[in-house]
Amino acid sequence: MRLPQLIQKLLLGKKKPQVPREITLPDNLFVQCPQCKATLYRRRLSAHADVCPECGHHFVLSVAQWIALLTDRKSWRPLFADLRPVDPLSFPHYADKLKLLMANEKEESVSTGHCRIQGIPLLVGVMNPNFLMGSLGGVAGEKLTRLFELATAERKPVLLVVRSGGARMQEGVLSLMQMAKVSAAIRRFSDAGLLYIALLTHPTTGGVSASFAMLGDIILAEPGALIGFAGPRVIEQTIRQKLPEGFQKSEFVLEKGFLDAIVPRHELRSTLAHLLELHTFHAPPESSSKGTSSQVNFIHRVKKWLQRL
Amino acid sequence: MAATPLNNTDSHRAWNRLQLARHPERPKPQDILPQLVEGFLEMHGDRAYGDDATIFGGVGAFQGLPVTSVAIRRGKDLQTNLQYRFGMPQPEGYRKALRLVRQAEKFHRPVLFLIDTPGAYPGLDSEERGISSAIAENLYEFIGIQTPMIAVVTGEGGSGGALALMVADRICMMENAALSVISPEGCASILLKDSSQAPQAAASLGIDSDALFALGIIDRIIPEGTEGFHVQPNLGIEALRLALREELEALRGIPILEIVEQRYQKFRKMGRWTTDPQKSQP
């Protein structure tokens, strides 16, 4: 301790507020469940695929977590990762935000790639809520369009993990038109007889909900996800009354007839694999026999059944 | 560095033009349509749930040519505003539009859309009956419809609710119409946390016909005359008539499958991005 500090301590020792010694813990050792408020040990939560073991609340997953959760290990091959956003309208502060976000997030609001789910090859897009609320701008629109075009050419199914605030304001009407552009690509893909599964997660709203989210041959959702066109706050302001409990949650949207099924996270991979099997007659992968035996059996069964017809 | 701040005159110009687009005296689609289409007969209902009063459509003849028209009603006083929900359609309206467009395809009639809406209705019932799904279906279906389609934004073109009637071969705007991804008020309150900055947001969003023509989003600007559409309605309607005639004649010369292909390519081209040379891939 230096002299002036010593003098200060002697003179003011008792008056000086005692700074409690800080206990340094890793930042995210514990997290609180926003639904049941339980304090959860981070590693325990991770072991449950980020679903609260107490109440079943589904935490938001990162793009990497989604890829790890759904796709076969090391099967992910990124596509169109070289596309970069621009600022076509010179919108105030947009260029700065993009620069910062591209440095932090590495990829725009959707990551697209080739991968396999239980051996079945498909093309997947996962939206990133950390990139301007997963908003649909020129890059996301182009990536998704190319994804469907490539899938049409390669005759592969497409899975999109959807979560977005809607069309991106900062690119103006150019963003709005991405809704039409992606929907057009889905139309051509669908006309080619191919399967598109949309998995709606929290939150799926605005222009994204009013375009490709609702165009899946099969539309699945995670439990408790917010799915709707207008945000709850906007609706409350319009109708000037409180919205009912559970309004615009997956369960509500299912009841109204706009979802095929709600699938809890721990069943997603097997559900997707089963759906893909039901839609694909492909040669079983040569290398991996382990873990795909049910699928090989299944295809064998289908072939036998077809022969009987 | 922040993007160059827009100066006051610029921001007010966009804002002033938006006020013209929203002017209560401005001719509304329900005023314009009978002047363009002779013998217009309205067709009601979506054949599933009900009839939306806001979106209306039917058949008639444009200069002797049978056409299907779909347009949006807007109120002029409190009572009609409430009746037409301030020009905000319900899911049934979009489903009726799809039904009428499919009918037009069957009978080889061109389709004319007249658009003036702040957006789809953000209400409880609208959500319950799947407003998202109704809009998405129209985007998906219209892109493949085998008949020529022309969309004209006559007043406000608000977001997805307008886009759902805009997947057409030609997109035209009246000179002082506005087309926007979000209302400038909404944009200002979300991004700037201050809805009083809507004039600045209007300028930044690029919602006027000149900005959108420059971006290649719209194909044609229809002049209104110097006094504005609400002062000289006949001038604007004559200009619109001429524009529609020219566009329809141009489209009638193209085989239908080529029209559908051109429509796909028109939307395919929209949007801006760049590529990172360091990360380029085949």
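Which helix of chain A is the place of Lys143(A)? Lys143(A) sits in helix H5 of chain A, residues 138–154. Keep in mind that this is a predicted model: local features need pLDDT of at least 70, side-chain atom pairs count only at pLDDT 80 or more, and totals for chains, interfaces and linings use all residues. On bookkeeping, residues are numbered from 1 along each chain as its sequence is written, chains are lettered from A and ligands numbered from 1 in the order in which they are written, and side-chain values use heavy atoms, with hydrogens and water left out.

**Chain B as a whole**

- Chain B carries 12 helices and 9 strands; helices (H or I, at least four residues) and strands (E, at least two) are DSSP runs, numbered from the N terminus.
- Its radius of gyration is 19 Å, close to the 19 Å that the globule rule gives for 282 residues, so chain B is as compact as a globular protein of that length. That radius is taken over C-alpha atoms, and the rule is 2.2 Å times the number of residues to the power 0.38.
- The C-alpha trace of chain B spans about 55 × 55 × 45 Å along its principal axes.
- Of the 282 residues in chain B, 59% count as buried; buried means under 20% relative accessible area, exposed over 50%, and partly exposed in between (1.4 Å probe, protein chains only).
- Among contacts in chain B with a separation of 6 or more, 72% come from residues 24 or more positions apart, where contact means heavy atoms within 4.5 Å.
- Chain B exposes about 11,400 Å², and carbon and sulfur atoms supply 53% of that; accessible areas come from the Shrake-Rupley method with a 1.4 Å probe, and for residues only the protein chains shown count as cover.

**Lys143(A) and its surroundings**

- Lys143(A) is buried, with a relative accessible area of 0%.
- Beyond its neighbours within four places in sequence, Lys143(A) is in contact with residues including Leu79(A), Phe80(A), Glu107(A) and Thr112(A).
- Lys143(A) and Ala192(A) are 49 residues apart along the chain, and their C-alpha atoms are separated by 19 Å.

**Cysteines**

- The disulfide count over all chains is 0, taking a disulfide as a pair of cysteine sulfur atoms within 2.5 Å.
- Cys33(A) is in no disulfide, and the nearest cysteine sulfur, from Cys55(A), is 3.6 Å away.
- Cys33(A) counts as buried at 0% relative accessibility, and Cys115(A) counts as buried at 4%.

**Prolines in chain A strands**

- Pro78(A) lies in strand S3, residues 77–79, and is partly exposed at 45% relative accessibility.
- Pro78(A) and His114(A) are 36 residues apart in sequence, yet 6.4 Å apart C-alpha to C-alpha.
- Pro203(A) belongs to strand S8, residues 196–205, and the peptide bond from His202(A) to Pro203(A) is cis, with omega near -10°.

**Positive phi values**

- Lys74(A), not a glycine, has phi near 60°; this lysine is in the loop between helix H3 (63–70) and S3 of chain A and is exposed at 70% relative accessibility.
- His108(B) has a positive phi of about 55°; this histidine is in the loop between helix H4 (91–106) and strand S4 (111–117) of chain B and is exposed at 64%.
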